[in-house]
Amino acid sequence: MTLNEKKPRILIVDDAPENIDILVSLLEQDYQVAATRYGAQALRMARKIKPDLILLDVVMPDVSGYTVCKHLKSEEETSGIPVIFVSALSSPLDETRAFRLGAVDYITKPFNARVVKARVNTHVELKRKTDILEQLVAQDPLTRVANRKKLDEVLEKEWSQSLAIEKPLSLIMLDVDHFKEYNDNYGHTAGDKCLTAVASGISDALTRPGDFVARYGGDEFVVVLFDSDAQNTVSVIRRILRNVEYLCLEHMHSTVAEQVTLSIGAATLVHQDAVDKNVETDLDSSVLMKAADEMLYKVKKEGRNGFCRCVVPVLRESIKQQIASGSA
Ligand SMILES: Nc1nc2c(ncn2[C@@H]2O[C@H](COP(=O)(O)OP(=O)(O)OP(=O)(O)O)[C@@H](O)[C@H]2O)c(=O)[nH]1
């Protein structure tokens with residue numbers, strides 16, 4: 001491990017303080033260790049600190065380890081955390097139940113400290129490799145922003161969330177102007193560098209933790225902004241345009257400017273109360289892509305190097321439910 005690398009995090013959950021003490025002293029040299037005696041608190045801590053591994057007792061006074069494991073595996077943000085049960089229960093039935101619930105290992109008490117450490121090391125290493133693989137699967141190898149597969153996943157999730165809690169959702173589609181000419185004249189390697197720099201310019205313009213950028217393909221990028229109304233979306237677009245302008249990437253073969261510029265189309269999903277002919281009731285996330293793409297096409301047609309945006313109205317879910325139940 002290099003100096004800058006953080007130690008992996010381990011959460012110990014055991015109702016006996018003496019067991020916690022033994023495990024902490026065994027692991028604290030190589031890991032950041034947190035501990036709790038309560039199942040319910042273990043769930044809260046797991047969501048907050050996102051440990052790389054959980055050592056979980058079965059019999060606890062409030063919530064059993066089995067229940068904790070079931071909850072961990074059912075929630076998206078904690079389902080990937082490996083769980084090793086450490087328990088005095090040693091029947092095959094107990095062990096198989098733990099594995100059925102998603103545990104990666106089962107250690108019976110009284111345990112041998114060296115064996116515990118060896119098993120912990122193995123599972124933490126496996127988790128590290130899984131994390132790397134998951135990141136690679138979701139990443140565009142050239143620009144290191146998310147890839148299209150990840151975009152599909154994120155958009156679907158944000159779309160459902162937007163409908164469920166009636167928050168606006170914005171999608172921005174960005175395309176480098178005359179990128180073919182850039183490639184043809186400056187070469188493919190310079191083209192790659194240009195795309196990487198543009199991707200950084202876009203990423204740097206995104207300020208909130210949930211803001212998301214993906215390479216859609218070729219010289220096209222897509223940004224997804226949850227809970228971002230039209231006004232905030234315009235601010236983000238302006239920041240992106242400014243960042244790319246500041247890159248000062250020479251493009252003497254563009255008809256628009258002497259440097260690399262972008263054309264941008266954006267669409268914002270807004271939730272409305274009234275049923276009128278302009279307000280759609282049943283839409284899916286592809287409508288935002290389509291609307292942003294149409295706006296992008298408009299900008300291209302009008303001379304490039306700028307942006308155009310629109311609003312996609314959708315009927316509030318709560319109103320839809322009232323209509324369905326006949327109370328509206
Ligand atoms: N260097 C590089 N070029 C790529 C990559 N992926 C796609 N391209 C090139 O991107 C160019 C996209 O060209 P077009 O779709 O015609 O777009 P454009 O020239 O920007 O035209 P407008 O969008 O209308 O301004 C093509 O020349 C592709 O070969 C890549 O990963 N690296």
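Strand 9 (residues 262-272) and strand 10 run parallel to each other and are joined over ten bridges; here two strands count as paired if DSSP finds at least two bridges between them. Helices (H or I, at least four residues) and strands (E, at least two) are DSSP runs, numbered from the N terminus. Within this pair, Ala 267 has Cys 310 of strand 10 as its bridge partner. The model is a predicted one, in which local features need pLDDT of at least 70, side-chain atom pairs count only at pLDDT 80 or more, and totals for chains, interfaces and linings use all residues. Residues are numbered from 1 along each chain as its sequence is written.

Both strands belong to an open sheet of five strands with the order 7-8-6-9-10 and mixed pairing. Strand 7 (212-217) and strand 10 (306-315) form the edges, each with a single partner strand, so one side of each lacks a neighbour in the sheet. Neighbouring strands are turned by 20° against each other on average, direction ignored; axes are lines fitted to C-alpha atoms, for helices over the stretch in contact, and angles run from 0 to 180 degrees between N-to-C directions.

Helix 9 (residues 230-247) lies across strands 6, 8, 9 and 10, at about 165° to strand 9, and helix 10 (residues 286-301) lies across strands 6, 9 and 10, at about 140° to strand 9. Contact requires C-beta atoms, placed from the backbone, within 7 Å.

Turning to the whole molecule, the protein chain has eleven helices and ten strands. Its C-alpha atoms fill a box of roughly 75 × 60 × 30 Å, taken along the principal axes.

Methods. Two residues are in contact if their C-beta atoms, placed from the backbone, lie within 7 Å.
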